[in-house]
Amino acid sequence: MSEHHSGPVETGASMDYKEHEKTYDLFIAGTKYGTALLVALMIAMAAGFFAGAGLLGGFFIWIVLSVAGVFMMR
């Protein structure tokens, strides 16, 4: 059965705000770095497919852009 809570419904259960902020910061960091890696991947794919860099050239460009992007975001 469900628990019975006394008091107004609007207040809800007590929150662990430290844990909430830690989770939010982790989500923001993951979004930021994930976006940077995907942008680097898109640029590397464009270089590999359309600029004649080929598979290894595109992979090298992706590694360089990923490292530069992560370094600049710190």
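This is a predicted model: local features need pLDDT of at least 70, side-chain atom pairs count only at pLDDT 80 or more; totals for chains, interfaces and linings use all residues.

Reply: Residues are numbered from 1 along each chain as its sequence is written, and side-chain values use heavy atoms, with hydrogens and water left out.

Me: Why are α1 and α2 called roughly antiparallel?

Reply: Their axes cross at roughly 150° and come within 8 Å; axes are lines fitted to C-alpha atoms, for helices over the stretch in contact, with angles from 0 to 180 degrees between N-to-C directions. Angles over 145 degrees count as roughly antiparallel, under 35 as roughly parallel, 65 to 115 as roughly perpendicular and the rest as oblique. The two helices are therefore roughly antiparallel to each other.

Me: Which residues make the contact of α1 with α2?

Reply: Contact means heavy atoms within 4.5 Å. Among the residues making the contact are Tyr-33 and Leu-37 of α1, and Ile-61 and Leu-65 of α2. By class, this contact has 13 nonpolar, four polar and one charged residues.

Me: What makes Gly-48 and Trp-62 part of the lining of the largest pocket?

Reply: Lining residues have an atom within 4 Å of a pocket point; on a 1 Å grid, a pocket is an open set of points where a 1.4 Å probe fits, with protein on both sides within 12 Å along at least five of seven lines. Gly-48 and Trp-62 are among the residues that line the largest pocket.

Notes
Helices (H or I, at least four residues) and strands (E, at least two) are DSSP runs, numbered from the N terminus. Ala, Val, Leu, Ile, Met, Phe, Trp, Tyr, Cys and Pro count as nonpolar, Asp, Glu, Lys and Arg as charged, and the others, Gly among them, as polar.
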